[in-house]
Amino acid sequence: MKKIVLFVMTAAVMLLSGSCGGGGNQQQAEAEEDTTKTEYTIPTDQTIYGICTDGTAMNTLEMITDSGDTLTLSLTNAQERGKVFGGLQVADRVAVIANKAKTEATLVINLNTLMGDWVMPDPIDGSAEIGIRIKEGGVAESIDQSVIVYRTWKIFNGDLEILLMREGGGDEEEENRYEILTLGPDTLAYRTLGKPRDETETFEYSRWKPKPKVDLHGLELEETNDEFNKI
């Protein structure tokens, strides 16, 4: 009788242990599954940088990349989608998004055209011009404004990313991503990406040009050669 009772107790302990062990494995599997779900990959920049070369034609871009490769890319796709920004000139630096085979460009940005001083009327009262200075080496600066202080810029997967600081925001930096809409010799426009609709803005700039000098009567003064005035 004692042997039967002992056998039953042993079987119950083994059944209980197996049940707990199975539950533990299930919980571990669920935890691992949850961990897998929260993992994400950091996007990599697919932009190809290089110099436009003399093999470039109306529908073809020839470029020497920063890694030394020579690419000949069809522009048909990018042109049909309106994604060739800033024109193409030999020796200009370009940023390109291409297909995997690197035979076709889907987006082209002329960085020489992008760089420079861009201004627009002050949205507060329109009495002055404010803007952004896009410089070589990824440096960005504000033009006649203190509310926003631009720090850096870059092209990332075909979008313009600008790092800035806002007045009253302490030392907190803010990185915004923009879709380039137009880029020409004297015009630049881009639109906010990745934000709610009520926070989406479109910025429309003109290239800064020096204002002509005027006299007291508001008449424009002509430039003169100082050599002829030294008498």
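These legends go with close-up views of a predicted model.

**View 1. The eight-stranded sheet, laid out strand by strand.** Here 8 strands build an open sheet, running β9-β8-β7-β14-β13-β12-β11-β10, and the pairing is antiparallel. Out at the edges sit β9 (140-143) and β10 (148-156); each has a single partner strand, so one side of each is left without a neighbour in the sheet. Going from one strand to the next, the twist averages 35°.

**View 2. Where β11 meets β12.** Strand β11 (residues 159-166) lines up with strand β12 (residues 174-183) in the antiparallel sense, over 5 bridges.

**View 3. The six-stranded sheet.** This one is also open, with 6 strands in the order β3-β2-β1-β5-β6-β4, and its pairing is mixed. Its edge strands, β3 (70-74) and β4 (84-85), each pair on one side only. Strand β2 (residues 60-65) runs antiparallel to β3, and 5 bridges hold the pairing. Among them, T60 has S74 in β3 as its bridge partner.

**View 4. Inside the largest pocket.** The volume comes out at about 390 Å³. Of the 21 lining residues, Q145, I148, R166, E201 and F203 lie nearest the centre. Strands β8 (129-134), β10, β11, β12 and β14 (202-207) each supply at least two residues of the lining. By type, the lining splits into 11 nonpolar, 5 polar and 5 charged residues.

**View 5. A salt bridge between distant parts of the chain, K83 to E179.** The structure holds 11 salt bridges, and in this one the closest N and O atoms are 3.3 Å apart. K83 comes from the loop between α2 (76-80) and β4, while E179 belongs to strand β12, 96 residues apart. K83 has 15% relative accessibility, so it counts as buried.

**View 6. R133 and D117, strand to strand.** The closest N and O atoms of this salt bridge are 2.9 Å apart. R133 is in strand β8 and D117 in strand β7 (residues 116-121), so the pair ties together parts that are 16 residues apart in sequence. Both ends are partly exposed: R133 at 25% relative accessible area, D117 at 21%.

**View 7. E173 and R151, loop to strand.** Here the closest N and O atoms of the salt bridge are 3.6 Å apart. E173 sits in the loop between β11 and β12 and R151 in strand β10, so the pair links parts 22 residues apart in sequence. E173 counts as partly exposed at 42% relative accessibility, and R151 does too, at 35%.

Technical notes:
Residues numbered from 1 in each chain as written. Predicted model: local features only at pLDDT ≥ 70, side-chain atom pairs only at ≥ 80, totals over all residues. Heavy atoms only, no water. Pairing = 2+ DSSP bridges. Helix = DSSP H or I, 4+ residues; strand = E, 2+ residues; numbered from the N terminus. Axes fitted to C-alpha atoms, helices over the stretch in contact; angles between N-to-C directions. 1 Å grid on protein atoms, 1.4 Å probe; cavity = no way out; pocket = protein on both sides within 12 Å on 5 of 7 lines; lining within 4 Å. Points joined across faces, edges and corners; volume = space filled by probe spheres on them. Nonpolar A, V, L, I, M, F, W, Y, C, P; charged D, E, K, R; others polar. Salt bridge = Lys/Arg side-chain N within 4 Å of Asp/Glu carboxyl O. Buried < 20%, exposed > 50% of the residue type's maximum accessible area, 1.4 Å probe, protein only.
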